[in-house]
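Dear colleague,

Please find the structure below, followed by a short account of what was found in it.

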Amino acid sequence: MSEGACERRCFPSISRSPLKEQKMVNLNEGSKTSNKSLDRKHWILQQRRSLPIASVERRLVDEVRKNDTIIIVGETGSGKTTQLPQYLFNAGFCRDGKVIGITQPRRVAAVTVAKRVAEECDVQLGQKVGYAIRFEDATSTSTRIKYMTDGLLLREALLDPILSRYSVIIVDEAHERTVHTDVLLGLLKKVQDARLKQHKLDKPYINNVVKFDNECHSSNMKFAPLKLIIMSASLDAKGFSEYFCGAKAVYVQGRQYPVDILYTYHPEPDYVDATLITIFQIHLDDGPGDILAFLTGQEEIELVDMLVHERLKQLPECSRNILTVPIYSSLPSEQQMNVFRPTPSNFRKVILATNIAETSVTIPGVKYVIDPGVVKSRYYNPVTGMESLIIMPISKAQALQRSGRAGREGPGKCFRLYPESEFWKLIDSTVPEIKRCSLSNVVLQLKALGFDDIIGFDFMDKPTRSAIKQSLQELYLLGALTDDCKLSDPVGIQMARFPLDPIYSKALILSGEFKCLEEMLIVVAMLSVESIFYSPREKLEESVVIIYEMALLYFSPPVIFYYKARSAWKKFSSPDGDHLTLVTIFRAAVEYREKIRSATNKEKAIDKSLSRWCRDNFINNRSLKHALDVHSQIKVYLEQMDMSLSSCGDDVLQFRRCLTASFFLNAAEKQPDGSYRVKANGQNVQIHPSSVLFRTKPECIIFTELIQTNQIYVRNISRAWMPELSQYYDVES
DNA sequence: GAGCACTGC
């Protein structure tokens, strides 16, 4: 055990705001015969009035009237997301049937906030207040306040380039700087310019920036200027203000309790151990309240979980009242829900979380936060086109976000497992995603929106030139761009319509020619979701445990852990590779679902049976459902494009030909030592052991995933069809 | 013979 973690000093609280205790109306109080819905309405009204933003309603509306763009910096709990759209609606911003659009980076936020606002407005969800996210549209012609994901608004812009339905667009959580948010900000700036120009000239809308081929706008319509509101929780509005030509920034106070920040004296060499020590230190020395510890991933969470229980045994009986609850995104949702269960009396809950608990999930009852100051983050190398996950220091903004989680319900404490001097060395805010991911999709979208000069596009943070060039090149090789770098017709235009990775879109288009669209659609849907295979590490059945313990003597543990799952998957596996294996799984699932459907028409019962089928076959239920959704969504697009769902039936060669033609950039050939060499760039790679071709090792393969962990692996592999491949590469390359 | 931060269309 390191000693450093025990010595701490206290620094003044960094996040505090004047706090007035709000008198809450208890719904359970009072006469039971009284009208409950009236009580609820009264309670909601009181809640709304007590929000910090309520006192500045008039000022905010005035600012929006006076300025076309404003930045609102609102701390957590200010009420900006739910209240501002209502203020603007009441102030007449939805006249002439115009809509106020509010974008969110996450689906769940769009849905929950819309539900809340519909209740506050006392309307049915989908009427005046609605939401739209992928696969779900809860809006109607009467919707005036529309919550949506930022990615969905980008898609809308493809059909309506000047977003003519909207009078106001509010970009919420802009500080998170997702790719979608960043592209949207650039687009909205242009839309604003275009609408303003048209408005001033009082002429039909014409411009050379935004494509304009949608028939509903070719009439002589006049558009009012677009009001743009950027909402951010970060204290630094300067970046946004500069980007929007000096737009005014307005601060709205939040409602957050003070959080004491504690640092270590010395850097901790082992943050996992330091986390463990801190958990026990809080448990033994501090008052009641749950602990939230941020860790980097599933493996680390499982390790700490185990170590906590091991060390608990060393404590006296009366101090063993700790309950650990892990949470990370790939955990099945029923298990995720455990964090919301009330802690049994006399127990202290210790939540072991990834950064899912930073923004996506708000856990009640947290009084103590442990922040080791690291995060697992995706790193993309544009030169090799490879992505890897690395553990790296967090940013100051992230550290603030984490400590804020301790002050949601009362004063809290945050233990930063690093010295204060280290805090000041952290970067101010996380590098925007657009600077660390593949840009192929972004470039394709921008081209489809009519922006031809990608390098000159007005990004808030410009991606590197090399990343843009690499994407342009990839899109050119896929046939989406012409020799002069314009979107090709029809391939490029079609590709941009699909909500898929460009390379998958291309595969779909090609598979029409190869008469195996049905199969490719399944492959693309299955590849577009998280891993379809689920291999639990725990909950081994007793009989298995005995075998496991015996077998431990002979094999390494992973072999046994996955034995059962492996044997379940065996019946799906195809000798031609992982792609046809995925097709078999998908079809088996659909067949099973239809069988159940013929017995019952209750959707819930069908869902339940399907999850049981998934569990029996070690398939990830959530991923499979997602793949089914993607499949039906893309099918609609294909029908709209008059592409018929042709199947190659048993003609596997035809499918391999198509796969090879689609993914020729991802071809690799076997080397004498059993490793593979990527034909396009000479990179040396290994077949991932999860592949059905791991042992077979064919001469030439096509892969659809390249990842770097301890080694450079390719995953999702099929046998290439050599004659097809020779069309793209010289025979001796 | 191995490993999965978090989102999104």
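At what angle do helix α2 (residues 57–66) and helix α3 (residues 80–90) pack? The angle is about 70°, and their axes lie 10 Å apart; axes are lines fitted to C-alpha atoms, for helices over the stretch in contact, and angles run from 0 to 180 degrees between N-to-C directions. α2 is therefore roughly perpendicular to α3 (65 to 115 degrees).

This is a predicted model, in which local features need pLDDT of at least 70 and side-chain atom pairs count only at pLDDT 80 or more, while totals for chains, interfaces and linings use all residues. Residues are numbered from 1 along each chain as its sequence is written, chains are lettered from A and ligands numbered from 1 in the order in which they are written, and side-chain values use heavy atoms, with hydrogens and water left out.

On the α2 side, E57, L60, V61 and V64 meet L84, Y87 and L88 of α3 (contact: heavy atoms within 4.5 Å). The residues of this contact comprise 6 nonpolar, no polar and 1 charged.

Strand β3 (residues 99–104) is largely enclosed by the rest of the structure, because 6 of its 6 residues are buried (under 20% relative accessible area, 1.4 Å probe, protein chains only). V99, G101 and T103 cover one side, and I100, I102 and Q104 the other.

β3 pairs in the parallel sense with strand β7 (residues 166–171) over 5 bridges (pairing requires at least two DSSP bridges), and T103 has V171 as its partner in β7. A further parallel neighbour is strand β6 (residues 145–149), joined to β3 by 5 bridges; here I100 is partnered by I145.

Yours sincerely

Note on methods
Helices (H or I, at least four residues) and strands (E, at least two) are DSSP runs, numbered from the N terminus. Angles under 35 degrees count as roughly parallel, over 145 as roughly antiparallel, 65 to 115 as roughly perpendicular and the rest as oblique. Ala, Val, Leu, Ile, Met, Phe, Trp, Tyr, Cys and Pro count as nonpolar, Asp, Glu, Lys and Arg as charged, and the others, Gly among them, as polar. Buried means under 20% relative accessible area, exposed over 50%, partly exposed in between (1.4 Å probe, protein chains only).
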